[in-house]
Structures are given as C-alpha cells and as structure tokens.
Amino acid sequence: MTMMDPLIVFTYKPQHKFSSFLCVCLLMMITFIEAQSNLCRTRCGNIPINYPFGIDDGCGSPYYRHILDCSELGKLELRTPSGRYPVHSISYSDPHVLVTDPYMWNCQDGDNFRPTRPFSLDTSTRFSLSPQNDYLFFNCSGDYVIVEPKPIFCERFPDRCDSSCDSASYLCRHLPECSTALDRSSCCSYYPKATESLRLMLKYCASYTSVYWRTIGTSTTTDSPTSQVPEYGIRVDFDIPVTTHCLQCQDPSKGTGTCGFDTQTQNFLCLCKKGNVTSYCKAAGAVGIGVGIWFFKKVRAKAPITCGVQSNENRLF
C-alpha cells in the first residue's frame with residue numbers, strides 16, 4: 001500500500017492528542033502535494049510559456065503571478081492596470097513580450113481617431129517599457145504641446161528639447177505599412193518619460209500609437225550591425241530571476257523539475273511529477289514530508305502576498 005492510499009489515513013485510530021495532531025498534519029501534507037503536483041502548461045496556442053512565466057497558479061516566478069491569462073481558445077493576454085492586451089509573441093533569449101493595444105490608432109483608422117486610453121504597467125512587477133518603442137501622437141493642440149521639428153528646435157532651444165514632440169520624425173513621414181494613411185492630420189513623435197506625461201499628452205492629442213523596432217537577421221561579429229524594421233505594437237521588457245534553487249530544480253541530473261512557488265507563502269517550490277519539494281525532484285521522497293508540515297505551520301503565520309496586477313497604485317505611465 002502506498003503513502004497516497006487514503007486508507008492509511010482514515011483507518012488509523014489515534015489514542016493520544018499528539019497522534020491526532022500528527023494525522024491532521026499528514027493529511028494536509030498529502031492533500032497539498034496532490035493539489036500542486038500537476039505539471040504546468042508550457043504553451044498557450046503557439047506561444048511557449050517558460051520560466052519566469054506561468055499560466056497556472058504556482059508555476060513560474062511569483063513576480064509574474066496573475067500576469068498572463070490563456071483563454072480556452074488558446075489566446076494569450078497580458079494583464080496590466082489599464083486592461084488586457086493580446087500577446088503577439090514572447091522572446092526568452094532577448095527577454096521581451098510583444099503586445100498589441102486595440103485602442104491605439106492603426107492604419108485602417110486614417111484620419112478618423114477613436115477614443116483611446118493610455119497603456120500602463122504595474123511597476124511592482126519586473127516589467128518595463130522598452131526603449132525600442134517610439135510613440136506617435138496625432139492632432140496635438142499647439143497651445144499645450146510643443147510640436148516642432150526637433151533638429152532645428154533643439155538647436156534654438158536646447159533647454160526645451162526634451163519637452164518637444166518631433167514633427168519631423170522619420171516615422172511620421174514614413175508610417176509603417178501605410179505611409180499615406182494620414183491626409184488632413186498632423187503627427188509628431190515623443191517618448192513619455194515622466195509618470196503622467198502620456199496621460200497629459202492624450203489630454204491634448206486626438207490619439208496615439210506605438211511602434212517598436214524589430215531586429216532582423218543576426219550579426220556574426222560584434223562589429224557587424226543588424227537591421228531593424230518598424231512595426232506596430234508595444235515591446236515590454238522583463239527580467240528573468242535566476243536562483244540557485246531554480247537552476248538545481250531544472251537540472252536534468254537532478255530530475256528536471258519545473259520552477260514554481262507556494263501559492264500561500266510565495267516561497268520557492270520545485271514542481272515534480274510525484275509532488276512538490278523545496279530542493280529538486282530526486283529528493284522528492286525525503287523532502288516532501290518536510291514541505292507539507294512546514295507549509296502547515298507557515299500558513300498561519302504569514303498572510304498571502306499580493307503580486308502582479310492586484311494594485312493600480314504603481315504604474316509606469
């Protein structure tokens with residue numbers, strides 16, 4: 001009879017209070033391991049889901065908990081304080097997520113500007129807007145926004161250069177995929193840096209869009225340049241937390257586990273086929289009991305931590 005057989009738990013009749021307490025601990029430990037022992041999904045549609053992300057609670061890093069959502073149709077979305085955004089792709093070698101914002105201007109809109117809203121990130125996560133993004137603003141009021149050709153304006157007023165929206169921007173003159181989409185509207189390029197700058201810009205501009213520069217090709221040497229092409233979308237960079245525990249957990253010689261965390265305490269767990277451990281999978285038999293009892297003691301002492309997009313207090317914009 002195996003340890004997981006429920007008869008071992010329910011047919012035992014304790015004679016002392018300590019024995020009763022031990023039965024409760026073992027029962028909670030077994031339930032905990034059973035509930036968390038399923039393997040984490042590694043894809044959503046055609047997008048791979050690897051560490052530090054997870055689309056099942058307890059998988060990946062707790063820094064990115066509740067960040068990604070995979071629908072029943074296999075559509076992946078990024079959750080932020082400003083809404084949910086379709087994920088186009090995820091790169092782990094050059095860590096970034098590409099998302100699209102359906103509220104932003106696109107080529108089909110032309111001179112017809114729809115109501116929009118500012119894209120924002122929760123800065124309590126390890127996400128940041130990439131410097132490879134450019135932002136184009138349309139029909140901005142000259143009474144409130146400095147719309148000038150930057151090379152000339154910056155020479156004349158260097159102290160106001162960073163506050164100006166560049167009407168001579170290359171992207172305004174060569175809109176990706178639709179260079180002639182704008183007929184009667186003005187365009188300027190500005191990278192919002194301050195917390196409220198994007199909201200203020202949209203207060204005095206009709207709409208905006210984001211363009212990121214996608215690298216194509218690979219350089220064979222450090223001196224050979226790579227080409228970049230502009231495409232619509234928002235590039236969001238992310239950090240990959242690297243810990244000794246996670247590296248050992250993923251090590252094939254130690255059982256090839258999946259890095260995860262305790263959903264109550266946020267502490268590291270190595271998720272294995274036969275249960276969860278605090279080290280690596282080949283130690284599952286010995287460490288599993290310790291994990292269960294430790295969890296039982298800690299859950300009373302430490303309240304769950306709120307991570308991800310649970311708060312709207314900290315935003316990049």
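Predicted model: local features only at pLDDT ≥ 70, side-chain atom pairs only at ≥ 80, totals over all residues.

**Sheet**

Looked up how β6 and β14 are joined. Four bridges connect β6 (residues 96-99) with β14 (residues 234-238), and the two strands run antiparallel. They belong to an open sheet of six strands, and I wrote down the order as β3-β4-β5-β6-β14-β7, with antiparallel pairing. The edges are β3 (68-70) and β7 (127-129); each has a single partner strand, so one side of each has no neighbour in the sheet. From one strand to the next, the twist averages 40 degrees.

**Cores**

Next I checked the nonpolar packing. The largest nonpolar core holds 37 residues, and the ones touching the most other members are Phe-53, Leu-68, Leu-76, Ile-90, Phe-119, Phe-127 and Phe-137.

**Helix α5**

Which residues of α5 (residues 197-204) are buried? I get Ser-197, Leu-198, Met-201 and Leu-202. They span an arc of only 130 degrees around the axis, so they are on the same side of α5. The cover over these buried residues includes β8 (133-138), β10 (164-166) and β12 (207-216).

Found a cis peptide bond between Tyr-51 and Pro-52, with omega about 20 degrees. Pro-52 is in the loop between β2 (47-48) and β3.

Glu-177 has phi near 70 degrees and lies in the loop between α4 (170-173) and β11 (187-189). Gln-266 also shows a positive phi, near 70 degrees, in the loop between β15 (258-261) and β16 (268-272). Buried or exposed, for Glu-177? Exposed, since its relative accessible area is 71%. Gln-266 has a relative accessible area of 10%, so I put Gln-266 down as buried.

**Disulfides**

How many disulfides are there? The count comes to 10. I went through three of them.

Cys-40 is joined to Cys-59, S to S 1.9 Å. The link of Cys-40 and Cys-59 is left-handed, with -85 degrees about the S-S bond. Cys-40 is in the loop between α2 (17-36) and β1 (43-44), and Cys-59 in the loop between β2 and β3, so the pair ties parts 19 residues apart in sequence. Both Cys-40 and Cys-59 are buried.

Cys-165 pairs with Cys-188 at an S to S distance of 2.1 Å. The torsion about their S-S bond is about 90 degrees, so this disulfide is right-handed. Cys-165 is in strand β10 and Cys-188 in strand β11, 23 residues apart. Cys-165 is buried at 1% relative accessibility, and Cys-188 is buried at 2%.

Last, Cys-246 to Cys-259, S to S 2.0 Å. The link of Cys-246 and Cys-259 is right-handed, at 110 degrees about the S-S bond. Cys-246 comes from helix α6 (residues 244-250) and Cys-259 from strand β15, 13 residues apart. I marked both Cys-246 and Cys-259 as buried.

Technical notes:
Residues numbered from 1 in each chain as written. Heavy atoms only, no water. Pairing = 2+ DSSP bridges. Axes fitted to C-alpha atoms, helices over the stretch in contact; angles between N-to-C directions. Buried < 20%, exposed > 50% of the residue type's maximum accessible area, 1.4 Å probe, protein only. Arc of directions from axis to C-beta. Contact = heavy atoms within 4.5 Å. Core = buried A, V, L, I, M, F, W, Y, C linked by side-chain atoms within 4.5 Å. Disulfide = S-S within 2.5 Å.
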